[in-house]
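Hi,

Here is the structure I promised to pass on. Have a look at it first, and my notes on what turned up follow below.

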Amino acid sequence: MGGFCLWRRWSRVVIKKGGEQDIEKVRHSAAHVMAEAVQSLFPGTKFGIGPAIEDGFYYDFELPRALTAEDLPLIETRMAEIVASGVPFVREEMSRGEARALFAAQPYKLELIDEIPEDKLSVYRQGAFVDLCRGPHVANTRDIKAFKLINIAGAYWRGDEHRPMLQRIYGVAFHTEKEIEEHLARLEEAKRRDHRKLGKELDIFTFDDDVGPGLPLWLPNGAAMIEEIEKLAVETEFRHGYVRVRTPHLAKEDLFRRSGHLPYYEESMYPPMELEGVRYYVKPMNCPMHHRIFGSRPRSYRDLPLRLAEYGTCYRYEKSGELFGLMRVRSMQMNDSHIYCMEKQFEEEFAGVIFLYLEYFKLFDIKEFAMRLSTHAPGGLGKKYVNNPELWLKTEEMVRKALDHNHIPYYEVADEAAFYGPKIDVQIKSVIGREFTLATNQVDFAQAERCGLTFVNEEGKEERPLIIHRAPLGTHERLIGFLLEHYGGAFPVWLAPLQVAVIPIADRHLDYARSLATQLKSDGIRVKLDARSESVNYKIRQAQLEKAPYMLVVGDREVAASTISVRLRTGEQLPSQPFESFREMLRTIIATRSGDLR
RNA sequence: GCCCACAUAGCUCAGUCGGUAGAGCACAUUCUUGGUAAGAAUGGGGUCAUCGGUUCGAAUCCGAUUGUGGGCUCCA
């Protein structure tokens, strides 16, 4: 598993290793300087918190008016003055009472002061500005060499949506101006790779106001990709012993009540519709339906493990502000499966799923991801989580064992589990830097009981199956969103919406070009014949922009010799060759889902 | 859902102090038949997101709604 990296902690680790532990101090100090600047420009400002973060810092303020983009340069200028004045950062220690007196006009600081367990509190002073802070800081404001304020955003105090919304200013800070420029250039590059931009340029998907937010429409190019991905899933899951099922998009209220979705998941569900006195819900997950398939006849331990798979379409009512391109939508098609097994089969099944993930990630050349074990929090029992503390602890331990025995690295986060059990989420980052769960592998000890699922064991007694929910390819929406960014739109041949562009040089080459296109089409290749009376340059440019892996340019020479000239998407030119040899190569590359072009 | 910003042709964007809309690309037609990232001309295309208000007059000012974006919260 080379290339595996837990980038959650990555930046910190790298910094420490590289002997650059100072940069965090610089960023944190920059936050203090920004706070001082804001205080001097907006007297009466109430301060929240201002930590260092990846690439920079932020500080939360309660201000008399809303900030605008025009305020940032003013704040920056003030900061530059403070930096240039070369004021030292001075640490002072004091008692809780002294701190309370010092921050008497700062309600947010008072709240923090009261929650600090130690009796000795520390504050840092630079010039006229003093802030409650653990430190450490740089010695002098002059040590802050390069910073820039980036944007303004709203943020709830202490991340709690029931508490006041403060105004947050984000900044970046590095040791040198050059690093800032490089960082901004990286952001620009990220914008070019943004799946929303590429998805539009490559005609993959669109959103329509009349259809609704978060409800993507797949254009022909996107639909072609979806079909390839489903083909991949069907073949792979068949090899791994899954059987396929199909289920409706709706079910009666009672099903979701028994499964636990209505008590624990209702706020993410579309409201019910009522017909002939019966309430129906659109499904937010496929599991209840699959559980009914499991329960559709008596099951023996000999039937287990039973692996039911379906690319099921689900609908979740995500809050409007949470929608994000294809990465966060309201209708989604999931690479779903539920594995019903005995407890003694659990470890093997669970590990099998993890290895299935790794198989897929290798295929897609996905190297930057992290496996996150999400566990429950005792405080959420009966609210967010099914109330069965023993089973939570037991299944969490089972998952840890399954991971450890297979030497699979992971990190653990409490209070992130599904309502029915712990899970392993595979975390990836969008090119914008936002983190998403791409795939998931969840244990479910609750629904079998809630839904009354049993099997007859070796002793002829009824027993509850354990259930594993898994979606290694996540949803089409998020996977394709991710792959767009991951490949920058230049997909491997098998996945590329347009695989071959046939480009005749002049009209007299059209017949030959057409016969090539027809033959490729009969091989199932997605081919486009560009028959327009445009220049060769123009047609090649078009094919390049569409990121066609292959361009077949045919003119007098090719017609005369019955050959083709192949230009790769990389700009590379293959030697002139008989059409049949290209056709053969293409067949192999697609059949093996190779990432290479030749 | 919350804070802030934005919404002009299919796409990317101009549009000054309010005086009934422009460019490039794309598309269509014609000319051109050109050998590896844009040949030329002509043409069609916009209720300036929607609704309301201010004004003699609104793309422009104000309000609401819808949608999008940056965050927060939440998540596949």
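Sorted by class, the lining of the second largest pocket holds eleven nonpolar, seven polar and ten charged residues. In that sorting, Ala, Val, Leu, Ile, Met, Phe, Trp, Tyr, Cys and Pro are nonpolar, Asp, Glu, Lys and Arg are charged, and the others, Gly among them, are polar. A pocket here is an open set of points on a 1 Å grid over the protein atoms alone, where a 1.4 Å probe fits and protein lies on both sides within 12 Å along at least five of seven lines; lining residues have an atom within 4 Å of a point. The space in this second largest pocket comes to about 770 Å³, a volume being the space filled by probe spheres set on the points, which are joined across faces, edges and corners. There are 28 lining residues, and those closest to the centre are His-28, Leu-132, Cys-133, Arg-134 and Gly-135. Helix H2 (22-41), helix H5 (107-115), strand E5 (120-126) and strand E6 (129-132) each give two or more residues to the lining, with the largest share, four residues, coming from H2. Helices (H or I, at least four residues) and strands (E, at least two) are DSSP runs numbered from the N terminus.

Before the rest, the ground rules: this is a predicted model, in which local features need pLDDT of at least 70 and side-chain atom pairs count only at pLDDT 80 or more, while totals for chains, interfaces and linings use all residues. Residues are numbered from 1 along each chain as its sequence is written, chains are lettered from A and ligands numbered from 1 in the order in which they are written, and side-chain values use heavy atoms, with hydrogens and water left out.

Now to the RNA. Around RNA strand B there are 55 residues, counted as near if one of their heavy atoms lies within 4 Å of it; the closest are Tyr-156, Ser-320, Thr-437, Ile-505 and Ser-565. By class, this surface has 18 nonpolar, 15 polar and 22 charged residues. A polar side-chain atom of Ser-320 sits 2.4 Å from a phosphate oxygen of RNA strand B, and one of Asn-151 is 2.6 Å from a sugar or linking oxygen.

Finally, Glu-318 lies in the loop between strand E15 (306-315) and strand E16 (331-341).

Best wishes

Key:
A polar contact is a pair of N or O atoms within 3.5 Å; within protein, one must be able to donate a hydrogen and the other to accept it, and residues adjacent in sequence count only if both atoms are side-chain atoms.
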